[in-house]
Amino acid sequence: MIDVFHDDSASEGPRIWAIGGGKGGVGKSVLAANLGVVLAKRRERVVLVDADLGGANLHTILGIPDPELTLSDYVGGRARSLADIVLETSIPGLRLVSGAHALAEMANLKSGQKLRILRHLGDLSADHVILDLGAGSGVNVLDFFLASHRGILVVVPQPTSVENAYQFIKAAFARRLNQTEPRRKIAAALGRAAAGAGGRPTRSARDLVADIMVIDAEAGAAVLAAAATFGASVVVNQASSASHERLAAEMSMACREYYGIAVDALGTLPTDPLVGRSVIDREPVVQTHPDCPFAIAVRRLASNLDGAARG
Amino acid sequence: MVEEIRREDWEVLGIEPGADLEKVHRAYHTRRSLFSPSSLATYSLLRTEERNELLARLDEAFMRISNAAAYLASAKGGSGADDELVDEALAGLRTPTDLVGDPGAYLRHHRLVSGLTLEQVSVETKVRPNLLEAIERETWRLLPAPVFVRGFVLQVARLLRIDEPEALAAAYLEKMRLERGDD
């Protein structure tokens with residue numbers, strides 16, 4: 001499996017947070033930027049990485065209209081290491097690896113290039129690396145999500161967003177199982193479970209685990225462990241009612257009870273008109289309005305991050 | 001006699017066996033709302049028949065636990081509406097897994113599940129209620145010599161139709177010997 005951050009030599013490296021969530025326009029980049037500012041203001045060293053391959057706009061949110069170096073220089077071989085393309089921002093302690101202009105090279109990243117990026121991320125001299133992932137459940141997005149110390153799913157309280165989040169979780173979990181040992185046994189047991197060897201339709205990861213346990217106990221135990229250490233969190237953005245406030249906890253419970261996959265509730269961010277304004281003004285709202293409801297919620301979320309890393 | 005609580009009832013509610021009434025209610029209402037057709041968190045996750053099945057299981061589990069708790073509380077001379085008695089009754093429903101380590105709790109559990117009060121057991125066994133309580137709570141200093149205790153435990157175990165009364169009595173005496181320091 002892609003486990004570049006989990007070996008001992010990397011244990012001194014940065015905490016890597018991946019922000020994804022399936023649907024576009026739910027506020028992944030806004031959260032990434034504002035979380036980065038909050039952590040930097042705590043005097044921690046932060047590198048934001050715009051891994052929204054083909055749809056990058058973190059630089060715009062941070063007010064850097066035309067980044068001179070981007071991931072495309074790195075992937076194209078013009079820059080030797082990720083450290084060479086890290087840009088300073090106007091906020092001390094906060095730096096950016098931009099994904100601007102990276103469409104051609106980045107959208108179809110080869111797996112060797114992806115592994116190289118993942119390894120270099122762990123070598124960056126920083127306390128936190130925040131990956132802003134693109135929308136959708138493509139393999140690049142899933143691999144960055146799974147290789148992080150914790151994957152953060154951003155959802156808005158709308159059926160389409162919640163649906164996309166579950167689809168993302170399912171896809172990411174399936175990909176994690178592909179990388180989990182004993183691979184062959186798991187693949188064989190999955191195949192038999194899918195063919196109905198458990199004697200009933202397999203509807204959720206929970207059913208799947210029960211079926212696989214019957215077919216192959218060793219594979220079943222590995223799947224169970226993968227589900228329990230999935231290392232993902234939900235953040236509900238644009239909450240504007242009491243039921244929205246409960247959504248993150250309810251999704252966490254639904255994941256546990258229905259899928260059997262550990263996804264915890266990291267926090268809830270309110271609807272705040274200042275957020276939209278800040279994007280237009282190209283300056284993170286926690287910087288311009290540190291006492292607005294959104295900024296307060298991002299700070300609370302940042303404090304929830306402490307101790308939330310996987311593995 | 002009411003319908004017995006099943007082990008999976010606690011799992012359906014996602015709480016520890018023997019949780020208090022407030023936890024039971026909270027767990028029930030949280031899951032009712034989670035599985036309701038208007039829930040955003042389970043929209044797209046559950047098909048209608050799955051949703052209905054989950055809700056039905058939830059309702060059954062909740063009914064069995066609350067009915068049993070109310071029954072046990074009323075059997076203790078209180079009312080089913082007396083929260084404290086209901087909580088105590090629920091606590092008694094914690095299934096002791098360890099007959100050897102917890103023989104007193106094991107007896108108490110089986111008595112509560114049978115819906116019998118200490119007084120009712122006393123009528124059947126001719127053992128005084130406060131002595132029965134001391135046996136259940138393993139209050140060693142209130143208990144007579146081992147040979148009598150053995151007789152009482154056997155009588156109660158048989159009354160409650162516990163599978164192996166001899167094994168339970170032996171475990172009870174062994175624990176008493178170790179903790180009280182009898183020969």
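Biologist: At roughly what angle do the axes of helix α1 of chain A and helix α14 of chain A cross?

Modeller: Two packed helices are described by the angle between their axes and the distance between the axes. Here, α1 (residues 28–41) and α14 (residues 293–305) of chain A have axes that cross at roughly 70° and come within 9 Å. Axes are lines fitted to C-alpha atoms, for helices over the stretch in contact, with angles from 0 to 180 degrees between N-to-C directions. Helices are DSSP runs (H or I, at least four residues), numbered from the N terminus. Angles of 65 to 115 degrees count as roughly perpendicular, and α1(A) and α14(A) are therefore roughly perpendicular to each other.

Biologist: Which residues make the contact?

Modeller: Asn34(A), Leu35(A), Val38(A) and Leu39(A) come from α1(A), and Val298(A), Arg299(A), Leu301(A) and Ala302(A) from α14(A); contact requires C-beta atoms, placed from the backbone, within 7 Å. This is a predicted model: local features need pLDDT of at least 70, side-chain atom pairs count only at pLDDT 80 or more, and totals for chains, interfaces and linings use all residues. Residues are numbered from 1 along each chain as its sequence is written, and chains are lettered from A in the order in which they are written.

Biologist: How many helices does chain B have, and how is chain B divided into domains?

Modeller: Chain B has nine helices and zero strands (strands being DSSP E runs of at least two residues). An automatic or database assignment gives domain 1 (7–91) and domain 2 (103–180). Their centres, taken over C-alpha atoms, are separated by 31 Å.

Technical notes:
Parallel < 35°, antiparallel > 145°, perpendicular 65-115°, else oblique. Contact = placed C-beta atoms within 7 Å.
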